[in-house]
Amino acid sequence: MKYLDEYRNPDIARRMLEEIRNVTTKPWVIMEICGGQTHSIIKNGIDRLLPKEIELVHGPGCPVCVTPLEQIDKALEIAGRKDVIFTSFGDMLRVPGSDKDLFMVKSQGGDVRVVYSPLDAVKIAQDNPDKQVVFFAVGFETTAPNNAMSVWQAHQQGVKNFSILVSHVLVPPAMEALLSSSQNRVQGYLAAGHVCTIMGWEEYEPIAERFKVPIVVTGFEPLDILEGILMTVKQLEAGRAEVENQYTRVVRREGNRPAQDLVAKVFQVSNRKWRGIGEIPASGFSLRPKFALHDAEQVFNVGDLKVDEPSECISGIVLQGLKKPYECPAFGKQCTPENPLGATMVSTEGACSAYYAYSRHDLPVDG
Ligand code: SF4
């Protein structure tokens, strides 16, 4: 299949691995930002094929995983109301809140519906004027344009019974927060290709310069990831710290300007809490005051809800690249995809579920 098979060619993969082995002379720790990349790495065994000097650690780029527990609880509270139709992408329905998930709310009579676009939720609101229709707007920069469009459209068309529960986070502030930590191990980044499709990579240049880390915008197929690693290792070995683009078939330096303009009209940058990591300044989006009527936190007055994360889950440490999933005492025992304790086991893009799916629970603690 063109555009897929050509990025999974085993002969080219072998040649790239050989080149990575040839250029590697020292140990390096490289973080892939995106959960989709993590999944591809573990599924294809890329981490096991690399020279032993290169360690891949898995970053916080899975939106389901970093959505804080209190945001899930807000969704559950809103979804349980009789006058509400609560809409969401399917991946949020199994994410556990403090004592239930959206599936349980649905089984208890809540009107919870899976949609494939926030614009579908606007249509549901138009068709149900006697109900409040809420869309759970979870994601990184990638999904922000669609969510912005839904609010923009509802505002323009006077659909007053449509709102979104916003849980939008931004990648560059999280990368900076990880690099600023005294525990940081990351020496190079594979940046998330789809985020850069929207935002470009100009924002990454000051990070590479300030922290002296190479950042390579990278795709998701096995050859994309191998090439991203090769480009990163070449920079590390040469003492360079620049932003480079492996994902040239999709990403441009300036990104998608019309999408960025729409996002800026609807959203403003705000502080955001990341599950397991805590609050990172200016690391997310919230709706501009002009769109307060479409802000579910204000419509339902749930903005102040605060809850603590379960103490046994170390997903925050996993998401910072400080531990691997199999180092969590609950991994594969109390915590499985059927009975997840944390969001990194629920989401198919989560590091814990990727390790579980591909039987990485038999590894020793030192890998
Ligand atoms: S295995 Fe489960 S409990 Fe452990 S870090 Fe992953 S999600 Fe949390």
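## Helix packing, domains and ligand shell in a predicted model

Modeller: In this predicted model, H1 passes H12 in a left-handed crossing.

Biologist: At what angle do helix H1 and helix H12 pack?

Modeller: H1 spans residues 10-23 and H12 spans residues 222-238. Their axes lie 10 Å apart. The packing angle is about 15°.

Biologist: Is H1 roughly parallel or roughly antiparallel to H12?

Modeller: Angles under 35 degrees count as roughly parallel. The angle here is about 15°. Therefore H1 is, relative to H12, roughly parallel.

Biologist: Which residues of H1 make the contact with H12?

Modeller: The H12 side includes Pro222, Leu226, Leu230 and Val233. Lys234 and Glu237 of H12 also take part. From H1 come Ile12, Ala13, Met16, Leu17, Glu19, Ile20 and Val23.

Biologist: At what angle do helix H9 and helix H11 pack?

Modeller: H9 covers residues 171-180 and H11 covers residues 204-211. The axes are 10 Å apart. An angle under 35 degrees counts as roughly parallel, so H9 is roughly parallel to H11. The angle is about 10°.

Biologist: Which residues in H11 meet H9?

Modeller: H9 brings Pro172, Met175, Glu176 and Leu179. By class, the contact has six nonpolar, no polar and one charged residues. The residues in H11 are Tyr204, Ile207 and Phe211.

Biologist: How far apart do the C-alpha centres of domain 2 and domain 3 lie?

Modeller: The protein is divided into domain 1 (28-59 + 171-245), domain 2 (65-169 + 255-299) and domain 3 (315-357). For domain 2 and domain 3, the C-alpha centres are separated by 25 Å.

Biologist: How many residues of the side of domain 2 that touches domain 3 are charged?

Modeller: The contact takes 10 residues from domain 2 and 10 residues from domain 3. On the domain 2 side, five are nonpolar and two are polar. The charged ones number three.

Biologist: Which residues are closest to the ligand?

Modeller: The ligand is surrounded by 15 residues. They divide into 11 nonpolar, three polar and one charged. The closest are Cys313, Cys328, Cys335, Gly342 and Cys352.

How values were computed:
Residues are numbered from 1 along each chain as its sequence is written. This is a predicted model: local features need pLDDT of at least 70, side-chain atom pairs count only at pLDDT 80 or more; totals for chains, interfaces and linings use all residues. Axes are lines fitted to C-alpha atoms, for helices over the stretch in contact, and angles run from 0 to 180 degrees between N-to-C directions. Helices (H or I, at least four residues) and strands (E, at least two) are DSSP runs, numbered from the N terminus. Angles under 35 degrees count as roughly parallel, over 145 as roughly antiparallel, 65 to 115 as roughly perpendicular and the rest as oblique. A crossing is left-handed if the near helix is turned anticlockwise from the far one by less than a right angle, and right-handed if clockwise. Two residues are in contact if their C-beta atoms, placed from the backbone, lie within 7 Å. Domain bounds come from an automatic or database domain assignment. Ala, Val, Leu, Ile, Met, Phe, Trp, Tyr, Cys and Pro count as nonpolar, Asp, Glu, Lys and Arg as charged, and the others, Gly among them, as polar. A residue is near a molecule or strand if its C-beta atom, placed from the backbone, lies within 6 Å of it.
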